[in-house]
Amino acid sequence: MLIERLDAVIDRRVEARLQSVKQKSVSPAIPICSFVFAIPATGIVLEGGAGVLGVGLVWAAIVVVNVFYSGKKISDIF
């Protein structure tokens, strides 16, 4: 009896976890587009004379957009 109840609880938890994973599937469109726009943005920043700091800011913004889009915490990624 106890084992049957534990088995039912475990089954419900596994099913709930699988449902949450299925709902969080992320399209690769935003990361791909961010890199497509990152190359010209990097060129524009370098032509404008912003240097390494400007390039760092552009790429930091790209990382932030992709992290927010993924729905993950930064601590989960790094």
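Predicted model: local features only at pLDDT ≥ 70, side-chain atom pairs only at ≥ 80, totals over all residues.
Trainee: Leaving aside neighbours within four places in sequence, which residues is Val 55 in contact with?
Mentor: Val 55 is in contact with Thr 42, Val 45 and Leu 46. They make the list because contact means heavy atoms within 4.5 Å. Residues are numbered from 1 along each chain as its sequence is written, and side-chain values use heavy atoms, with hydrogens and water left out.

Trainee: Which helix does Val 55 lie in?
Mentor: Val 55 lies in H3. Helices here are DSSP runs of H or I with at least four residues, strands are runs of E with at least two, and numbering goes from the N terminus. On that basis the protein chain has four helices and zero strands, giving the pattern α-α-α-α along the sequence.

Trainee: What makes Thr 42 count as buried?
Mentor: Its relative accessibility is 14%. Buried means under 20% relative accessible area, exposed over 50%, and partly exposed in between (1.4 Å probe, protein chains only). So Thr 42 counts as buried. Thr 42 lies in H2 and, not counting residues up to four places away in sequence, touches Val 55, Val 58 and Trp 59.

Trainee: And what about Ser 34, buried or exposed?
Mentor: Ser 34 is at 12% relative accessibility, so it counts as buried. Ser 34 is also found in H2, residues 29-47.

Trainee: How do you know that the side chain of Ser 34 makes a polar contact with Pro 31?
Mentor: The side chain of Ser 34 reaches the backbone oxygen of Pro 31 at 2.7 Å. A polar contact is a pair of N or O atoms within 3.5 Å; within protein, one must be able to donate a hydrogen and the other to accept it, and residues adjacent in sequence count only if both atoms are side-chain atoms. So the Ser 34 pair qualifies. The side chain of Thr 42 reaches the backbone oxygen of Ala 38 at 2.7 Å.

Trainee: What does Ser 34 touch, not counting residues up to four places away in sequence?
Mentor: Ile 62 and Asn 66. Asn 66 lies in H3, and with the same exclusion Asn 66 touches Ile 30, Pro 31 and Ser 34. Asn 66 has a relative accessible area of 16%, so it is buried.

Trainee: Why is Pro 28 called exposed?
Mentor: Because Pro 28 is at 51% relative accessibility, it counts as exposed. Pro 28 lies in the loop between H1 (2-23) and H2.

Trainee: How do H2 and H3 run relative to each other?
Mentor: The axes of H2 and H3 (residues 51-70) come within 10 Å and cross at roughly 165°. That makes H2 roughly antiparallel to H3, because angles over 145 degrees count as roughly antiparallel, under 35 as roughly parallel, 65 to 115 as roughly perpendicular and the rest as oblique. The axes are lines fitted to C-alpha atoms, for helices over the stretch in contact, with angles from 0 to 180 degrees between N-to-C directions.

Trainee: Which residues of H2 and H3 make the contact?
Mentor: Among them are Ser 34, Phe 35 and Thr 42 of H2, and Val 55, Trp 59 and Asn 66 of H3.
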